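The exercises below are meant for a reader who is meeting this structure for the first time. Each one sets a task and then works through a solution step by step.

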Amino acid sequence: MQIYMVGGAVRDRLLGLPVQDHDWVVVGATPEQMVAQGYLPVGKDFPVFLHPDSREEYALARTERKSGRGYKGFTVFTSPDVTLEEDLARRDLTINSIAACADWTSAGGKLGSKVDLIDPFGGQRDLQAKVLRHVTDAFREDPVRILRLARFAARFHDFSIAPQTMALLREMVADGEADHLVPERVWQELSRGLMEAHPARMFEVLRECGALAVVLPELNRLWGVPQRAEYHPEVDTGVHVMMVLQMAARLNASLPVRWACLMHDLGKGTTPADVLPRHIGHEQRSSKLLRTVGQRLRVPTDCTELADVVAREHGNIHRSGDLNAAALVRLLERCDAFRKPARFADALLACECDARGRLGMEEDAYPQRQHLLAALAAAQGVDTASVAQAAVDRGARGDAIGKAVATARAQAVQAWLNQAASETPSGDGCTAAPKEPPTRLS
């Protein structure tokens, strides 16, 4: 039995990056031998075991043979006779196909000599050249690898993709392999790529090979759709959405915020050509489309719900500096800010990304965020139970009670606005970010 460290742990150590998880491959062993040594079997599709102490995964060396469409269309073969090189050959990228002896990092985690590395496919060479390259033509057999490569491109944004590998991606899409991606795996890879430092690169790669049109056609159609240059100097809607997403990454936004940034303008892809570059009513169209995407890809509820708020209300949030107290309260109510203040704060962050995700506006201030948080705080100061009881005592019923609460909140917000105006020098108030007018203003 021989044990090797493989994959990302070796790659990241060579790059001087933190190693989150270790993957191990075992050559020359049977499942029975692994169990006899205390390893716990957990693999469903092929033999994988948990180490009795570290609980890290140890997989028996294996080969794979294509037996059908999709990422599950494989027949897996394991045997003590399977060599390390045969196991490495089935991996996706050369930089992930480097193995090291088990004691490679035993001396305080320091890198060992290169003699300890097994690198039959030139992974170290591609690390030095900063190239993402497939190992063998077997890459084409698993469509998930299209998404994985795009995700790696987002993580290693300064790596190029080998021309032969990009050509292979296009062939896989043309052959229909991407059509067999299952929703769970698509979301798994997209969500991980969204959290990288350069998430826009993932979508650029998917678009370049044609896969974006398969997995996210609603997003893919945004490229080439013009917007009014006075609001969007970058003009192209697809370019704008990528700039918004990159701003979210720059501001270390959470996954729900990044997803909201990606989804907020989907409706612009369905604007009739004869009204371009205006996009009247795109907010509601975006809401409908992103919910369809959420159902298809089984996106977590918190991501879809935040994206819906941002899609519907981002125009009004941008203009919140021009709204009176009653309109501000109505905006807060539509965003469900009183029940879900944390989600509202996320929505404001996504709107800031939208405002600053435009050519030449990346460093602009976004006072609307603090303006609305302060308005919410003022409205939250109202004792709604007392207001409601007083309304009941006056004979109010049903909607009239809700109106009394809204009026009290508006009065509190107005008092805050008056105080803020008296403390703010002329010309230093909250100004709205330029944005094409929404269909309905508060």
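**Exercise 1. Find which residues P41 is in contact with, leaving aside its neighbours within four places in sequence.**

Solution. Once those neighbours are set aside, P41 is in contact with V35, V48 and F49, where contact means heavy atoms within 4.5 Å. P41 itself is found in strand β3, which covers residues 40–41; helices (H or I, at least four residues) and strands (E, at least two) are DSSP runs, numbered from the N terminus. As a further step, take E57, which is 16 residues from P41 along the chain, and note that the C-alpha atoms of the two are separated by 9.5 Å.

Before going on, note that this is a predicted model, in which local features need pLDDT of at least 70 and side-chain atom pairs count only at pLDDT 80 or more, while totals for chains, interfaces and linings use all residues. Residues are numbered from 1 along each chain as its sequence is written, and side-chain values use heavy atoms, with hydrogens and water left out.

**Exercise 2. Describe the chain as a whole.**

Solution. Begin with the secondary structure, which comes to 19 helices and 11 strands. Next, consider burial: of the 442 residues in the chain, 50% are buried, a term that means under 20% relative accessible area, with exposed meaning over 50% and partly exposed in between (1.4 Å probe, protein chains only). Finally, among contacts between residues at least 6 apart in sequence, 68% join residues at least 24 apart.

**Exercise 3. Determine how α18 and α19 are arranged, and which residues make their contact.**

Solution. The axes of helix α18 (residues 384–393) and helix α19 (residues 399–423) come within 9 Å and cross at roughly 130°. That angle makes α18 oblique to α19, because angles under 35 degrees count as roughly parallel, over 145 as roughly antiparallel, 65 to 115 as roughly perpendicular and the rest as oblique. Axes here are lines fitted to C-alpha atoms, for helices over the stretch in contact, and angles run from 0 to 180 degrees between N-to-C directions. From α18 the contact takes T384, V387, A388, A391 and V392, and from α19 it takes I401, A404, V405, A408 and R409.

Turning to α19 by itself, this helix has 25 residues and reaches 36 Å from its first C-alpha to its last, close to the 36 Å expected at 1.5 Å a residue; the expected span is 1.5 Å times one less than the number of residues. Among the buried residues of α19 are W416 and L417, and the buried residues of this helix pack against α15 (325–334), α17 (368–380) and α18.

**Exercise 4. Determine how α13 and α14 pack.**

Solution. Helix α13 (residues 282–297) and helix α14 (residues 301–318) have axes 8 Å apart and pack at an angle of about 165°, and the two are therefore roughly antiparallel to each other. Their contact is made by H282, E283, Q284, S286, S287, L290, R291 and G294 of α13, together with T304, A307, D308, A311, R312 and H314 of α14.

**Exercise 5. Decide whether G360 and A273 are buried or exposed.**

Solution. G360, in the loop between α16 (341–356) and α17, is exposed, with a relative accessible area of 60%. A273, whose place is in the loop between α12 (255–263) and α13, is exposed, with a relative accessible area of 66%.
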